[in-house]
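Subject: Structure handed over, with notes

Dear colleague,

I am passing on the structure below, and I would be glad if you read it alongside the notes that follow.

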Amino acid sequence: MELGIAGRTALVWGGSRGLGKAAALQLAREGARVHIAARNAQTLTAAADEILAATGQAVGTVSADLTTAAGREAALALCPEPDILINNADGPVPGDFRHWSREDWIAALDAMMLGPIEMIRRTVDGMAERGFGRVINISSRSVKIAQAELGLSNGARAGLVGFVAGLARAFVSRNVTINNLLPGIFDTDGQRRHVQALADRTGRAFEEIWRERAEASPARRYGRPEEFGACCAFLCSARAAYITGQNLLIDGGSSPGAF
Ligand SMILES: NC(=O)c1ccc[n+]([C@@H]2O[C@H](COP(=O)([O-])OP(=O)(O)OC[C@H]3O[C@@H](n4cnc5c(N)ncnc54)[C@H](OP(=O)(O)O)[C@@H]3O)[C@@H](O)[C@H]2O)c1
């Protein structure tokens with residue numbers, strides 16, 4: 001299928017590793033002019049080199065933090081008018097709600113709700129004026145299947161999802177869609193950090209928890225980042241203009257609900 005996004009401009013937060021990098025790579029394959037933002041300059045450069053080698057497309061990079069005003073300004077200075085915006089940053093470490101301070105909650109909101117909302121605020125009117133826009137928020141299955149130890153994620157991401165539900169309907173008539181992708185378990189650095197944190201909390205072995213999580217999935221495996229990238233690129237495509245305000249699980253069938 002021809003996705004119809006060759007020449008479109010994309011800004012991908014967290015495009016240096018994991019799910020964000022997979023999205024950036026697939027968008028570049030489809031001919032989009034991709035810009036990636038993340039905090040660490042070295043991994044950004046490595047990702048840009050990797051995408052160039054794989055696709056022949058040069059990738060713009062900016063060392064920037066989604067949670068800060070300065071970081072968002074830096075990303076918009078590199079890519080002022082994105083047609084495609086992928087919001088994505090670190091999830092929280094698992095823990096016990098009794099230990100979370102106000103500062104912990106504000107940090108979670110900045111990464112998983114307020115930073116993405118601010119990026120949408122800065123870009124969505126321009127998308128509407130140009131008659132094309134695609135916003136994807138990389139969220140988590142925890143929005144639908146809440147896990148107690150991921151309370152910071154459950155709470156902060158639900159705020160973004162609620163906001164998007166209202167906004168998406170206001171923009172779709174101008175060919176701007178806003179959707180949330182809800183990954184289950186994917187084989188990324190982020191997933192490894194999460195499993196290591198569970199191992200540290202419980203005293204269990206990393207490999208045991210890693211294997212157990214794969215076996216608990218109907219797919220019996222972790223998702224591959226390229227599977228996520230393909231789904232994300234489709235939602236960013238010209239073909240997906242009638243899909244908006246959705247929370248799409250991509251989890252190998254782990255979520256048990258029919259709806
Ligand atoms: N992988 C999974 O199985 C899974 C499951 C459910 C939900 N998720 C969620 O999906 C998102 C991506 O996960 P992942 O596994 O791809 O993570 P990852 O492998 O750790 O990659 C995260 C990317 O985001 C960048 N980043 C992190 N915080 C940032 C910030 N404040 N500003 C700008 N860039 C930032 C990182 O680069 P720098 O560190 O250099 O900034 C990196 O490029 C996370 O929110 C995660 O919680 C993932």
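Predicted model: local features only at pLDDT ≥ 70, side-chain atom pairs only at ≥ 80, totals over all residues.

The ligand comes next. Its shell holds 30 residues, of which G14, G18, N40, G91 and G190 come nearest. The elements that give two or more residues to this shell are α1 (18–29), β2 (33–38) and α6 (189–202). Sorted by class, the residues around the ligand are eleven nonpolar, 13 polar and six charged. Both domains take part, since at least three residues of the shell come from each of domain 1 (9–184 + 229–239) and domain 2 (185–222).

As for the domains themselves, the protein chain is divided into domain 1, which takes in 9–184 together with 229–239, and domain 2, which covers 185–222. Their centres, taken over C-alpha atoms, are separated by 24 Å. Where they meet, nine residues of domain 1 are in contact with ten residues of domain 2, and on the side of domain 1 that touches domain 2 the residues divide into four nonpolar, three polar and two charged.

How many of the eight residues of β6 are buried? Eight of the eight are, and the strand is accordingly described as mostly covered. V176, I178, N180 and L182 point one way from β6, whereas T177, N179, L181 and P183 point the other way, and all of them are buried. Strand β5 (residues 133–138) runs parallel to β6 and is joined to it by six bridges, and within this pairing I136 stands opposite N179 of β6. The chain passes from β5 through α5 to β6, and this β-α-β crossover is right-handed. β6 also pairs in the parallel sense with strand β7 (residues 247–250), here over four bridges, and the bridge partner of N180 in β7 is N247.

Two loop residues remain, and both concern the backbone angle phi. Most residues other than glycine have a negative phi. N175, however, has a phi near 65 degrees, which is a positive value in a residue other than glycine. N175 sits in the loop between α5 (151–171) and β6 (176–183). Is N175 buried or partly exposed? N175 is partly exposed, because it has 16 other C-beta atoms within 10 Å, a count that falls between the limit of 12 or fewer for an exposed residue and that of 20 or more for a buried one.

R220 likewise has a positive phi, of about 60 degrees, although R220 is not a glycine. The loop that holds R220 lies between α7 (206–216) and α8 (225–235). R220 counts as exposed because it has 9 C-beta neighbours inside 10 Å, and the cut-off for an exposed residue is 12 or fewer.

With best wishes

Conventions: Residues numbered from 1 in each chain as written. Pairing = 2+ DSSP bridges. Right-handed = clockwise from strand over helix to strand, strands pointing away. Domains from an automatic or database assignment. Contact = placed C-beta atoms within 7 Å. Nonpolar A, V, L, I, M, F, W, Y, C, P; charged D, E, K, R; others polar. Near = placed C-beta within 6 Å.
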